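Subject: Structure for your review

Dear colleague,

Please find below the structure that I promised to pass on to you. I would be grateful if you would look through it before reading my findings, which follow.

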Amino acid sequence: MLDLSPDPRSLEAIETASRDQIETLQLSRLKWSLAHAYHNVAHANAAFKAAGVHPDDLRQLSDISRFPFTTKADLRANYPFGMFAVPREKVVRLHASSGTTGKATVVGYTAKDIDTWAHLMERSMRACGTRPGDVVHLSFGYGLFTGGLGFHYGAERMGCTVVPVSGGVTHRQVTLIEDFGATTIGSTPSYMLSILDEYRAQGRDPSKSPLRVGIFGGEPWTHAMRAEIEGAFDMHALDCYGLSEVIGPGVAIECVETKDGLTLWEDHFLAEIIDSESGAVLPDGAYGELVLTSLTKEALPIVRYRTRDLTRLLPGTARSMRRLERIRGRSDDMIILRGVNMFPSQIEEQVLAHPGLAPHFQIELRRDGRMDSMRVVVEAAVGVEMAAHEGLALGLHKRIRQILGVNVEVSAGVPGSVPRSDGKAVRIVDLRPKR
């Protein structure tokens, strides 16, 4: 692989600033962000008062622990624009979750927010080894999902040639990578494996592709998957972290010269690690749930957002800002299957809406080779003939694919075949090998 380490002269001053300089900037920006939320967001105003705190109570960074958390439920409760700190007319972009489980979570951006986001993505892509003039092939989804457009704006700001392919039609992806000479690709890691399979199916040697950098996010992935991608394509594979509620991709990124965790852009985000059960703040180096506070967002200032992602904070290496260790998983029961987020309740909705099925189901998570797969085990309602079971399974399979956007295996058994529990139902059975 090529050495793509950046010229130190190309780094922004803040990337190599001292801890004192970083924390001084954070404190100044945090004071502004808390006051901005308090004076302009009714939810934040009420939550601060209920917790007995005021923005003026923040005198040092650790004082943030006195302020209340924000959760996804808060965003849903204030749907659609109740969490905005600026008039809707000042919001130039809206993104949102699918809202399959209820009301969507809506996020907004002012023109300055979009500029900040593009700046962070440009910085992130440079840290990964992308350079001005590169051809950037984007297989992330476009639309209300923040992935595609986040990368798009950052690449254009850098001065790259952007190919906004989005996902799907994998044989065409390979053709465009080769014909357009893409040097950087952005996608979910599992979809990159699908592209790898397509290369081989077409009889092409992936190691001879023009790709030099792959930036992957949207789902957890392993070091083994990185090694497979890098070995096959002879390119660098880097991890990218972000979430819509905070800004989108560009919150943290792996640096190509170290690949030892994700550098958190601390000039725009304040990170804490908490115990998921008690909410207590944990010291650096301890595993727990990541909590993020935005420092510069205008439209949607977010205070102590509980990401539910499990990781730990480590000292900086390639940059002086701290690092996030690769995300281990989530503290709740969300399933991430090939870049698509879903909850057992979403599967339950489809089971209950499908005629002929009993309201009992179980989700089995497996690993087929290097890919995760999901099997939904259901049972026919009493009185349904055995001959109809295959049709029931096929119908549910189609429904899940159409509504949730994922392909899963479905098995329909006889009444009583799904295991029962005397207490809380066991919805997820994880049969994947322990890492």
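Which residues in H1 meet residues in H2? Before I answer, please note that this is a predicted model.

On the side of H1, the residues are Leu-34, Ala-37, Tyr-38 and Asn-40. Their partners in H2 are Ala-42, Ala-44, Asn-45, Phe-48 and Lys-49. By type, the residues of this contact comprise six nonpolar, two polar and one charged.

The geometry of the pair may also interest you. In general, the angle between the axes and the distance between the axes describe two packed helices. Helix H1 covers residues 19-40 and helix H2 covers residues 42-51. Their axes come within 5 Å and cross at roughly 105°. Angles of 65 to 115 degrees count as roughly perpendicular, so H1 is roughly perpendicular to H2.

I turn now to the protein as a whole. It contains ten helices and 21 strands. Its radius of gyration is 23 Å, close to the 22 Å that the globule rule gives for 435 residues, and the protein is therefore as compact as a globular protein of that length. The C-alpha trace spans about 70 × 60 × 40 Å along its principal axes.

Two further points concern burial and surface. Of the 435 residues, 53% count as buried. The protein exposes about 18,500 Å², and carbon and sulfur atoms supply 52% of that area.

Lastly, consider the contacts between residues at least 6 apart in sequence: 65% of these join residues at least 24 apart.

Yours sincerely,
A colleague

Terms used: Residues are numbered from 1 along each chain as its sequence is written. This is a predicted model: local features need pLDDT of at least 70, side-chain atom pairs count only at pLDDT 80 or more; totals for chains, interfaces and linings use all residues. Side-chain values use heavy atoms; hydrogens and water are left out. Axes are lines fitted to C-alpha atoms, for helices over the stretch in contact, and angles run from 0 to 180 degrees between N-to-C directions. Helices (H or I, at least four residues) and strands (E, at least two) are DSSP runs, numbered from the N terminus. Angles under 35 degrees count as roughly parallel, over 145 as roughly antiparallel, 65 to 115 as roughly perpendicular and the rest as oblique. Contact means heavy atoms within 4.5 Å. Ala, Val, Leu, Ile, Met, Phe, Trp, Tyr, Cys and Pro count as nonpolar, Asp, Glu, Lys and Arg as charged, and the others, Gly among them, as polar. The radius of gyration is taken over C-alpha atoms; the globule rule is 2.2 Å times the number of residues to the power 0.38. Buried means under 20% relative accessible area, exposed over 50%, partly exposed in between (1.4 Å probe, protein chains only). Accessible areas come from the Shrake-Rupley method with a 1.4 Å probe; for residues, only the protein chains shown count as cover.
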